Amino acid sequence: MLKLSATFENSLGKVHRWSFNEPNRDLTGIEVQEHLEKLSELELFEKEGVRLFSQVTSAKLIEVIETPLF
């Protein structure tokens, strides 16, 4: 399984992480950055008056390998 993991700063400058399972593998890093920046511009997510996705600071793809034990 592939996961996109992004780090954002909230409106107070604190780190907030967000992840998305099975992202589009065909997007370039620049395209992913553009989409994440659009997410931060929407101002959709707020908690107790603090915008959670104020500015995207980084993103990475994580490949998860699941191994059944029994």
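Two strands are taken to pair if DSSP finds at least two bridges between them. Helices (H or I, at least four residues) and strands (E, at least two) are DSSP runs, numbered from the N terminus.

The model shown in these views is predicted, so that local features need pLDDT of at least 70 and side-chain atom pairs count only at pLDDT 80 or more, while totals for chains, interfaces and linings use all residues. Residues are numbered from 1 along each chain as its sequence is written, and side-chain values use heavy atoms, with hydrogens and water left out.

**View 1. The hairpin of strands E1 and E2.** Strands E1 and E2 form a hairpin with 5 residues between them. In the turn, Gly13 has a positive phi of about 90°. Strand E1 covers residues 2-9 and strand E2 residues 15-21; the two run antiparallel and are joined by 7 bridges. Within this pairing, Ser5 stands opposite Ser19 in E2, and Glu9 stands opposite Val15 in E2.

**View 2. The open sheet of 3 strands.** Strands pair in a sheet through backbone hydrogen bonds, either parallel or antiparallel. Here the strand order is E2-E1-E5, with antiparallel pairing. E2 and E5 are the edge strands, each of which pairs on one side only. Neighbouring strands of this sheet are turned by 20° against each other on average, direction ignored. Helix H1 (residues 29-41) packs on the sheet and touches E1, E2 and E5; its direction makes about 50° with that of E1. Axes are lines fitted to C-alpha atoms, for helices over the stretch in contact, and angles run from 0 to 180 degrees between N-to-C directions. Contact means heavy atoms within 4.5 Å.

**View 3. Strand E1 beside strand E5.** E1 is joined to strand E5 (residues 55-63) by 8 bridges, and the two run antiparallel. In E5, Ser58 is the bridge partner of Thr7, and Leu61 is that of Leu4. Strand E1 is mostly covered, with 6 of its 8 residues buried (buried means under 20% relative accessible area, exposed over 50%, partly exposed in between, with a 1.4 Å probe and protein chains only).

View 4. Ser5 counts as buried because its relative accessibility is 14%. Leaving aside its neighbours within four places in sequence, Ser5 is in contact with Trp18, Ser19, Ser58, Ala59, Lys60 and Ile62.

**View 5. Val32 in helix H1.** With a relative accessible area of 18%, Val32 is buried. Not counting residues up to four places away in sequence, Val32 touches Leu4 and Leu27. Val32 and Lys60 are 28 residues apart along the chain, and their C-alpha atoms are separated by 9.7 Å.

**View 6. The largest pocket.** This pocket has a volume of about 350 Å³. Its lining comprises 19 residues, of which Leu4, Val32, Gln33, Leu36 and Ala59 lie nearest the centre. E2, H1 and E5 each supply at least two residues of the lining, and E5 gives the most, with 6 residues. The lining divides into 10 nonpolar, 7 polar and 2 charged residues (Ala, Val, Leu, Ile, Met, Phe, Trp, Tyr, Cys and Pro count as nonpolar, Asp, Glu, Lys and Arg as charged, and the others, Gly among them, as polar). On a 1 Å grid over the protein atoms alone, a pocket is an open set of points with protein on both sides within 12 Å along at least five of seven lines, a cavity is a set where a 1.4 Å probe fits but cannot get out, and lining residues have an atom within 4 Å of a point. Grid points are joined across faces, edges and corners, and a volume is the space filled by probe spheres set on the points.

**View 7. The largest cavity.** The structure holds 1 cavity of 30 Å³ or more. About 40 Å³ of space lies in the largest cavity, which is lined by Leu39, Ser40, Glu43, Leu44, Phe45, Arg51, Leu52 and Phe53. These lining residues divide into 5 nonpolar, 1 polar and 2 charged.

**View 8. Positive phi at Glu22 and at Glu48.** Most residues other than glycine have a negative phi. Glu22, in the loop between E2 and H1, has a positive phi near 55° and is partly exposed, with a relative accessible area of 45%. Glu48 lies in the loop between strand E3 (46-47) and strand E4 (50-51). Its phi is also positive, near 55°, and Glu48 is exposed, with a relative accessible area of 78%.
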